[in-house]
Amino acid sequence: IIYDKDGNQIAKIGIEKRKKVEYEDLPQVLIDAIIATEDSRYYQHNGFDLPRFTKAAVGQVINKLTHHGNAGGGSTISMQVVKNNFTDTEQTITRKFTDIYISIFKLEKNYTKEEILEYYVNTPFLGNGSYGVEQACQSYFGKSVSDINLAEASIIAGLFQAPSAYDPYRHPEATKIRRNTVLYLMRRHGYITKEERDIAKSIPVESLLVGVETKTDYQRFIDTVVDEIVEKTGN
């Protein structure tokens, strides 16, 4: 709970805004955006993508030696589900291999790819107090996830990596850069044409958002307080 200097309550933070969505209600454009960005061989592997994992591991070693660059992640969508819900986010070799084991022998053996993806899109925090893609679409675009277009889907898919950093209300320029990366990957993996990519890139992020005018200096103050609390406490 946030209070002003006179002890009056001005905001209550931490209440989850979440609306569950069924896999059948997910638009294909969002599925394609998430797969292209997070796990391009999602439908081909058994929960563990060895080439992706090896590439990421080698890249991380190179980064440590050169002190620059971004190796990217080696986790599949299934491994992310396990890490975010069943193990933890601590970066250790033991945890990583635990994620792999559970992904292959527990998750993928007992659930379909569609069921895993449905769970994946419903659970994460996606910025602006929103959990899951349905609530995020309502918060940012004022519409259901089933009604979003390519430009909007690429923004939502980009939020999974760092929802606070790519919150379009607070960081529209960073959101645009991340959105363009998602569009590049969708084009690279054959989900969209060059023309579709260029049209989506040309749409200003701010023009897609609802309630931009409600993001007053007062709200920005609250956002700053929350950032400072997270930095100091880690929660």
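Colleague: Why is Glu118 called buried in this predicted model?

Modeller: The relative accessibility of Glu118 is 16%, and buried means under 20%, so Glu118 counts as buried.

Colleague: Where does Glu118 sit, and which residues does Glu118 touch, apart from those up to four places away in sequence?

Modeller: Glu118 has its place in helix H5, and, once residues up to four places away in sequence are set aside, Glu118 touches Lys20, Val21, Glu22 and Tyr23.

Colleague: How do you know that the side chain of Glu118 and the backbone nitrogen of Tyr23 lie within the limit for a polar contact?

Modeller: A polar atom of the Glu118 side chain lies 3.0 Å from the backbone nitrogen of Tyr23, and the limit for such a pair is within 3.5 Å, so the distance of 3.0 Å meets that limit.

Colleague: What makes helix H5 largely enclosed by the rest of the structure?

Modeller: Helix H5 covers residues 113–122, and seven of its ten residues are buried, so the helix is largely enclosed; among the buried ones are Lys113, Ile116, Leu117 and Glu118.

Colleague: Why is Gly47 called buried, and where is Gly47 found?

Modeller: Gly47 has 0% relative accessibility, which is under the 20% cut-off, so Gly47 counts as buried; Gly47 is found in the loop between helix H1 (28–38) and helix H2 (50–66).

Colleague: Which residues is Gly47 in contact with, leaving aside neighbours within four places in sequence?

Modeller: Gly47 is in contact with several residues, including Thr76, Ser78, Ser103 and Lys113, and Lys113 is also one of the buried residues of H5.

Conventions. Residues are numbered from 1 along each chain as its sequence is written. This is a predicted model: local features need pLDDT of at least 70, side-chain atom pairs count only at pLDDT 80 or more; totals for chains, interfaces and linings use all residues. Side-chain values use heavy atoms; hydrogens and water are left out. Buried means under 20% relative accessible area, exposed over 50%, partly exposed in between (1.4 Å probe, protein chains only). Helices (H or I, at least four residues) and strands (E, at least two) are DSSP runs, numbered from the N terminus. A polar contact is a pair of N or O atoms within 3.5 Å; within protein, one must be able to donate a hydrogen and the other to accept it, and residues adjacent in sequence count only if both atoms are side-chain atoms. Contact means heavy atoms within 4.5 Å.
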